[in-house]
Amino acid sequence: MYTLSVSSLNEQIKALLESSFTRVYVEGELSRITFHSSGHIYFTLKDSSSSLSGVMFRGNASKLKFNLEEGMKVVLDGAITLYKPRGTYQINCFDIQPSGQGALALAYEQLKKKLFAQGYFEQSIKKQIPKFPSKIALITSASGAALQDMLRIANQRYRALEIDIYDVLVQGDGACKAISDAIIIADTKKYDFIVIGRGGGSIEDLWAFNEEIVADAIFKATTPIVSAVGHEIDNLISDDVADLRAPTPSAAMQMCLPDTNELLQNLDSISSQYSQVISQKISNSKAEISHLFELYAGHSMEKKLEYKMQEIKVLKNSFSHAIDMRINIAQNQLKSLETMLKSNHPKFKNKKGFAQVSKNSKIIDIATLELGDDFEVQSDEIFLSAKVIKKEKI
């Protein structure tokens, strides 16, 4: 009987499997994923009733655009091989694609979800683009049409500007690192803002701007970053992380640079408004000065003296008038007293049989005299001293 060693049998099985299953596509669900420090990925692919071990060596694993996750349904492209030390067969994966959607689309969603959770898209931390920049950086391909478009717009709108160009790969292997390195270097140069961009293309062409290394460089930069990649319909990770998203490279220049012609028109308008304001202020000042001169003239020493002289003149006229009135009143009072005197003095009385009765030099009513009282009787010609010896009522 011919016997085989375990190693020999495994070697024959290995040769048979690898020659029979040189390229297979298998769909299943990922489980027990292990990312080894060597860069290799080990996992199990299973369905409802069976499982299959799998390995993806570092060279192929480094090309994956998305992250393998537990329970993810995928399609494996690979070959069946035998791992001789254990005598187990496995699939050696060349490529892995997510079932039902493209790898790039999944990678985009995975990274976007991750960065969102880390606060990369937070609007409150977005930096403002200066209104009047003096020095900017353009990170793009020096041979691309996007650069020429940006330079043309900048030359049309705002020539008072220093522009530094960082020539980088914008697609393919190494593009993402070249872009991130350029951002890191430009961020140390104190630019007013940095534009990263390129023209349109497929999602594969634009993929460098969806890489995490580029997102990290944008997020950590202290200089405002403008993402101007592809066309308006393209939406990339760099657009969400950047401080400003421009739909196209030329639009970035239109959005971020002031228009010199518009500035000149604004200056003309401001100059006219300024002249109008100054003229109005001068007119107001003249009117105020004229009013102050009038107030000064009204309160000057000459004017005050004139007012006082007029007051004195008025007072003089009033005084003379008051004196005349006082004299007239006194004269009238004197005449009245003279009239009263004439009417009451005994010597002016013309009626016979009437005389003035007085007692102790005071005129009294005769009815007040009592028996024995001494009294005087006076007419206009005679003065008598008398005594009451009899009193009777008539």
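Me: How many residues of strand β9 (225–229) are buried?
Reply: This is a predicted model, where local features need pLDDT of at least 70, side-chain atom pairs count only at pLDDT 80 or more, and totals for chains, interfaces and linings use all residues. Residues are numbered from 1 along each chain as its sequence is written, and side-chain values use heavy atoms, with hydrogens and water left out. Strands (E, at least two residues) and helices (H or I, at least four) are DSSP runs numbered from the N terminus, and buried means under 20% relative accessible area, exposed over 50%, partly exposed in between (1.4 Å probe, protein chains only). β9 is mostly covered, and its buried residues number five of five.

Me: Which residues of β9 are buried on each side?
Reply: In a regular strand the side chains alternate between the two faces of the sheet. In β9 both faces are covered. One side has Ile 225, Ser 227 and Val 229, and the other has Val 226 and Ala 228.

Me: In what order do the strands of the open sheet stand?
Reply: Two strands count as paired if DSSP finds at least two bridges between them. The open sheet has five strands with parallel pairing, and their order is β7-β6-β8-β9-β10.

Me: Why is one side of β7 and of β10 left without a neighbour in the sheet?
Reply: β7 (162–167) and β10 (244–245) stand at the edges of the sheet. One side of each is open because each has a single partner strand.

Me: Which residue of β9 stands opposite Val 195?
Reply: β8 and β9 run parallel and are joined by five bridges. Opposite Val 195 stands Val 226.

Me: Through which helix does the chain cross from β8 to β9?
Reply: This β-α-β crossover is right-handed: with the strands pointing away from the viewer, the path from the first strand over the helix to the second runs clockwise. The helix on the way, residues 212–220, is α6.

Me: Which residue takes a positive phi in the hairpin of β11 and β12?
Reply: β11 pairs with β12 (residues 362–363) in the antiparallel sense over two bridges. Two residues lie between these strands in the hairpin. The one with a positive phi, near 55°, is Asn 360.

Me: Is Tyr 2 buried or exposed?
Reply: Tyr 2 lies in the segment before α1 (6–20). Its relative accessibility is 71%, so Tyr 2 counts as exposed.
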